[in-house]
Structures are given as structure tokens and as C-alpha cells.
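Hi everyone, thanks for making time for this. Please have a look at what is on the screen, and then I will walk you through a few spots.

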There are 2 protein chains.
Amino acid sequence: MTQVDLVSRLADALPADRILSGERAGDYGADEALGAVAGTPGAVVFPESAAEVAAVLAAAHATGTAVTARGSGTGLSGAAIPADGGIVVSFERMNAILDIDVDNMVAVVQPGVTLRGLDEVLAPMGLVYPVYPGEYSASIGGNIGTNAGGMRAVKYGVTRHQVLGLEAVLADGSVIRTGGKFVKGSTGYDLTQLLIGSEGTLALVTEATLRVYPRPAHQATLLVPFPTMDAVMQAVPRVVASGIGPLILEYIDLLTMNGMVRIYDLDLGVPADVVATTVAYLCVMLESTRDERLEEDVQSLAETLTELGATDVYVLPPRAGTALVEAREKAFWLAKGANADDIVDVVVPRAAIAAFLTRVGALAEETGTFVAGCGHAGDGNVHLSVFQGDADKRADVMTRLFSIGMDLGGVISGEHGIGRTKKKYFLALEDPAKVDLMRRIKAVFDPTGILNPGALFD
Amino acid sequence: MTQVDLVSRLADALPADRILSGERAGDYGADEALGAVAGTPGAVVFPESAAEVAAVLAAAHATGTAVTARGSGTGLSGAAIPADGGIVVSFERMNAILDIDVDNMVAVVQPGVTLRGLDEVLAPMGLVYPVYPGEYSASIGGNIGTNAGGMRAVKYGVTRHQVLGLEAVLADGSVIRTGGKFVKGSTGYDLTQLLIGSEGTLALVTEATLRVYPRPAHQATLLVPFPTMDAVMQAVPRVVASGIGPLILEYIDLLTMNGMVRIYDLDLGVPADVVATTVAYLCVMLESTRDERLEEDVQSLAETLTELGATDVYVLPPRAGTALVEAREKAFWLAKGANADDIVDVVVPRAAIAAFLTRVGALAEETGTFVAGCGHAGDGNVHLSVFQGDADKRADVMTRLFSIGMDLGGVISGEHGIGRTKKKYFLALEDPAKVDLMRRIKAVFDPTGILNPGALFD
């Protein structure tokens, strides 16, 4: 189909001033995935309703045109990179918060709502939507596409655990609703869960019903230096098993912490002699509805961590705690600013992080690769920046790194998704029987293959 | 295939002393679903390994023989009722707890492990697997099949939220492993979540990795009489929104409570004059790792409930509290003993329970039907016993009752599943587009339709 034909066809689906084509569409060809090649969409559309999305998909279905959904474009695996000549459906105008239902403790939102936008409405109501993947401009729709996680998952779980229901448009333009304002159901297969994390390859989400929670008033941040990485990683399972229920349980290696302190001008109050003997830090945030419980938990945790070999335990002043957590959220930008060649968000069982890092360290040394990072230690989710300028060597390092993670019982991505940039590793390393099931599930939803071709599968 | 052919074929898959046929197989023709017609299996097999399950399925696949998985046979929707002449795969011999991994806070179990068996191992370790659907002899495999819930779901979620990974045998006898000892992942479609709640229609689970939690040492049970059902149901959302995080939040209507008190000889200490003015009770259980926090929470909750219109608040002595909760767990047996004609476990948004019960009350009155019940009020999951001897009238009442639930934003079953006994309502009332997607997903996993035919779909 020619560019003119495509645009004229789309003009039946929505007003012309909400269709971009030609050069102006080019801004929608990439997301934040490092080293990914941008696509050249034939058109970008800005629907304002499920009906308009349905009309766009019906047109795409009839003409066999590729369709890629796009939230805020903050994804890290290239799942929002469109096929050349395809349609980008940008959800930036579908950004209404439709309902905050306190009796059912849910928020009903359109997919273009950002985490910041939702939090600005929930915070004054004493509520919180707990998924914080480190980028407040990220959209709920994008979060659903990749099953976004982030630092608070160790307490609240990831996007999959918060999404109770969806409205979604199928490849042929028909609309379904799944789930609802309830947390349980056993009424046929769980289509909600199937769509979450499917990276726009099964359907386009046009509305989501999300769990919200009471917002605990009191928080404390502990920064805990350790002399060895092993000691950090042995402490992590003990903190989880203690039942203290940390909101955040992160590890930050020395190099990443040094970068964060320098770039974000952090003043953490750790004496130079302690810094000198530190290999990695735990960053633990606790929260509570009652101040005295928080203090008690902080005290108890500090004792536990000291017994587990921490050099010291620093309870940060609120402002420094916030600054540290914000800096940690920006670790990706630190990696990007340092010209990392690729990033990794492998998940392994939390007790296997030490073994994973040891084996990755040996791999890095053997291949002359530089690797640094941090991670959601409580979840076993390790974020690494990989510096290896040689593309062939890097592909080999990445393959071996993912293989180490899988060998330890993990998977390639904990929260970024596979998209386009991790696809070759996924297809090479995942059990072919499972990939085959997934391909056939995709064919159920998208028989002509128009939904985000190039992501997840070839 | 003749009976003799089937048994001889199965004898290649596992030893002859683990195959039942003929009359002796008849004990495996039913589960606990009320009013369901038992099936007559051609054979029952008792595998001891995934390899044996795979061999059975390969034989079934080759011969087009139906296969129905069976845990403890405690299901309430007929999902364990086999097709006549088909194979029942009983998991009662695959009941090993393979691993309790404290560092990763998971238990790895075979599907025949019962909730009681798992709890007996976890309790001395200070751990808990929190799914309690009210029947401790239920198996983990059966729980996964129906996405079992129960009273503690209001705090911990349902089976879906606890199962981190599976080993499963596909219809053709091939074996896949999904997920693992971690709580998050974004690496292709979530096959774990798809298999949970699929009632044996997609694959046979042969191993599960489950989350376990620290077991709080202190518990308190509050029994709270209310003068109207509306007042009960208005209190429920307030308790959830308070952030106090109850372990159990049940409502029990007057008739059900009277039956429980009589049959289970409960001594709850509620004075006769209070009983006389009570229409329904809330039963709230709180738990905490620290005794003084528990007492503080009990005090705070009692004040809240009094403000919300409770007649009084009784903090039960531990033994009475346990007896009440155990009696509540046996509500199904109470209904069965009272010759209920059918049972219902509709889910609606928790704030819609009052409206649901009002409309169901009007329906009952109009049709001369008697309805009584209780439910997981915190989850919006209403359990009703339906007494209507006329089968045609009963089918009409059930259809209208489910329609009311769906009209209020709910679904037919919260935790029992669809199986065979709720299938006609599911197929009549569910969006045909969604049922069609589900049928086609089934065909991906089970192209020849041998897995639990008659359950979920016709």
C-alpha cells in the first residue's frame, strides 16, 4: 500500500489532524533501547477512544498493515519500534483517569496515563499505585506491555499483580473486556494475565483496572555498605525471610554508586574510610502506617544487617534518602551517559545472585568486557551495564551471560521485555517447545501477524 | 478402543499394579460437585513421575483417548469428572515435597501434595503457604487447576499469586517447564499464568514452585454482629481501605451462622439479645509478627467497626476463634448436609455485594427459591446455597443469578471453576468472542481435544 493510500484509509478511522505521516512520523520510530535501529513508520495515529483504535485496527487488518502500540516511548527493549511503513498507535491522547474507586480500591485508567499523572491524583487521596519502574513518565499501557516492575516489586509485586481487568482491541478491530474490579476469578482462561507482558503482539490495551493501596505515611531509607558482594547477597534472603517486608531492597555496586554520587551530587554521609572498604551497598526502604512501628523495624533491621556483616548501617535523613532512591531510579541514564553498549535485566532466584555475579565477573574478565550494575536484589533482578565495543564479541558475551542466568534457574528479562533487542537471544536460548506454543498463541489473537511484527518473534 | 486395548496400551506407560480398570475404576468417576452425573472412566492410572505422565499422555494422544487429571477429588464444579471410557490420571502417588528453599522462600512440590501435608512441613519451619480454600485434603495440583482461593486471599491473593513456576506435560506427551524460583519475568507470554485455572484442559501439571511466607506468630479473631446486611457490606470496603490488612474478612448470614453453631456446636459467647437483632456477622482475623501490634490493630479495628454500625465486637478466645474459622471452612458440608440443590461462588466488586444480595433476594422471593450463604467479603466472593427442587426453575434462577453478578461487573466463579456443572451458564453468558479465543487457545495446547473434554467447553 502506498503512503497516500494508508493515510487516506486511516482518515476514515480518525480525524486528519490526528494522523502524522512522512517525515513528521519519524519521531515515533524509536524508544530508549540502546543500540537499536529506529523504524520508519508509514503513519502515526493519535486515537482518543477504543472505537478509534478499533477503526484503525480494522483498517490495518483489511490491508495487512503492521501496527505498533506506543505509550511514552520509554521502553528499553525496542518493543515500541515500528515496522517500516507500518502504523504507530500512540496512546498519548488517551490519558484520562476514568475512575478512582475507593470502595473497591481500584483506579480505571486509559493506557496513556503516566505513572506521574496517576500518582499526582492518588497521593492527595492517601492512595498509591505501587509500580515504579524508575521512569515516572512511563505510561500504564507501556507498563502493561512489558509487565513493568521496579524497586517496589519486592513488596507489592509487578504490573501483573496490579492489573485486575483490561479493555483491549483485537487485531481484527473487535473489542473485549477481561477481568474487572475484583482480585480473583476462575471463569475460563485468564486473558488479562495473557495480555500483560505480551509487548503489543496480541492486542492493543485501551483501558486498565488497577489495584491501588493505602499509602503508608512513614518511610525510612537505610544505606548499608558491605565489604564483599557475597556478604550483600547472603544478607538479601535473610532480610526477605525476616518478614519485615521491605518496600525496596536494592544492591548497588561500588562503581555504580560512585557514578551516582558524582553525577547526581549525592551527600550520603558515608565516611571516606568506610567507602574505601566497601564493595557494594544495600539500599533498603521500609514503610509503615505508624511512625513507632517504622522506628522499631528500622532498629531491628539494622541489628540483623550488622550481624550479617554490614560495615555500618546509615539511616539517611529523608531528603538524602529520597535523593538516593531517585538517583538509583536513573541508573539507566547513568549507564547511557557512560556509553554502555548494552544493558541486561536478568532475573535469577534471589539466592543465586552471588553465583550469577561471580560467573559474570569471570566471563567479563575472560572477554575483556566491563560490567557494572545494581539491581532489585529482593527479586533476583540484576541490572547490568555491558561495555564491549566489538559487536560480535558483545553478542557472544550477552548470549553467555543470559545462558548463565538461565542455567541458574532464571530468565532473560525480569521487566524490560524481549522486544526487538533481546529477541535473538530469546529465540536462541528459550525452549523451542515453549516458543512454538507462544507463536501459536499469537496466531490465535493475530492470525495475519499485523501486531508489532519484529517484536518477540521473527 | 476397547477396554482391554486401553489397559494394554497403558501397561507400556506404567506398571500394571498402578492401573485400575473395570468396576474398581468407578470410584474415580466423580468429585464433590452437587448434582453432577458421575463419569465411567475406562482406566485410572497412578503415575509416580512426569515421565510416566508423559507416557500416559503419549498413549492417549496416539489413540485419541480422553484424559482427566485428578488431585484429591474435592473440586466443586465437576472438573475432575472423566469422560466415559477415558483415562483418569490420579496424582495421589505424586505427593512428594521436593524442596523447601528458605533462601528463595519457595516450596517445590508434586501436584498430589495436599494442603495439610504441605502445612505440616512448613509450620515447624515458621513458614506458611497461604492458600486455604477450606479443604485441607485438597491437592496443590487441584488448587492450580481451579485457581483456588479461600479465606486468606484477602491478604495473600489466590493460587495464581503463589505459583511461580510449573512443570507440565502437554497433550502429546512433551514436557515443558515455566517460570522458576522468582516472582517476576518479562520473557515471552506467561505460560504459568495461562495454565493456572485451566482445569486440566491445557496440560497436566507435574510439579509446582510455590511462594511461601514467614508465618506470623500472633492471630486474633473478631466476631462482629450487624443489624442489617447493608451495614455489613458498607463496613467491608472501609476495613480493606484502612490498611490494617486483615488475614480473613468474611461475612456469614444469620441462617448460615445458626447452622454452623448448631452443627459444629460452637460456643461464641454472643448474648441471646444480640443474636436476636443480628442479620449477619463479619468474621475478621488479624495476624502479626508482634503481639503488641496485634493488640493495637484489634483495638483500632474494633473502634472502626463500632463506628460503622456493628452491634458489638467480640474478640474470641483462641479456641473459639479457631472453631469458628474451621466451621466456616466447612460451610460447603453444611450446605450439602442441608440438601442444597446447587452452590454458587460468584465474584462481584466488593462494594457491589450489598446490591448483589438485594437483587438475589428479590429473585429468590419471586421464584420461591431459598438462598443462604456466606462469603469472602473482602474479595467480593459470595458463596450461596441454592434450594430449588425444580430443575428447570433452578436452571432459570442460576442463569439470572449469574447474570446479576455479571451485570454488577463480576464473573460466574471466583474460585470453584466452571468445570462441567457451571459450563452451560458460562457458555450462555460469557462474551462469545472471549469464549472463541479460549477455544482456540485450547486448540493450541490440545489440538485433538483429549484433555478433560466436557469441562469448560462442550
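Let's start with a pair of charged side chains: B:Arg18 and B:Glu52 meet in a salt bridge, at 2.6 Å from N to O. By salt bridge I mean a side-chain nitrogen of Lys or Arg within 4 Å of a carboxyl oxygen of Asp or Glu. B:Arg18 sits in the loop between helix 1 (3-10) and strand 1 (19-21) of chain B, and B:Glu52 is in helix 2 (residues 50-63) of chain B, so the pair ties together parts that are 34 residues apart in sequence. Helices here are DSSP runs of H or I with at least four residues, strands are runs of E with at least two, and both are numbered from the N terminus.

Are these two partners buried or exposed? B:Arg18 counts as buried at 8% relative accessibility, and B:Glu52 counts as buried at 15%. Buried means under 20% relative accessible area, exposed means over 50%, and partly exposed is in between, with a 1.4 Å probe and protein chains only.

Before I go on, a word on where this comes from. It is a predicted model, in which local features need pLDDT of at least 70 and side-chain atom pairs count only at pLDDT 80 or more, while totals for chains, interfaces and linings use all residues. Residues are numbered from 1 along each chain as its sequence is written, chains are lettered from A and ligands numbered from 1 in the order in which they are written, and side-chain values use heavy atoms, with hydrogens and water left out.

Another salt bridge joins B:Lys336 and B:Glu32, at 2.9 Å from N to O. B:Lys336 belongs to helix 13 (residues 331-337) of chain B, and B:Glu32 to the loop between strand 1 and strand 2 (43-45) of chain B, so the parts tied together are 304 residues apart in sequence. B:Lys336 is partly exposed at 34%, and B:Glu32 also counts as partly exposed, at 22%. In chain A, there is a network of salt bridges that links A:Arg18, A:Glu48, A:Glu52 and A:Arg93.

Now to two helices. Helix 8 (residues 229-241) and helix 14 (residues 353-367) of chain B pack at about 155°, with axes 8 Å apart. The axes are lines fitted to C-alpha atoms over the stretch in contact, and angles run from 0 to 180 degrees between N-to-C directions.

Next, a residue in a strand: B:Ile343 lies in strand 16 (residues 342-347) of chain B. B:Ile343 is buried, at 6%, and touches residues including B:Leu34, B:Leu76 and B:Phe332.

Finally, the two chains together. A rotation of 180° with 0.0 Å of shift along its axis superposes chain B on chain A, with an RMSD of 0.0 Å. That is the relation of a two-fold axis. The superposition is by least squares on the C-alpha atoms of residues with pLDDT of at least 70 in both copies. And 100% of the interface residues of chain B are also interface residues in chain A, so the copies meet through the same surface.

Methods: Contact = heavy atoms within 4.5 Å. Lists of a residue's contacts leave out its neighbours within four places in sequence.
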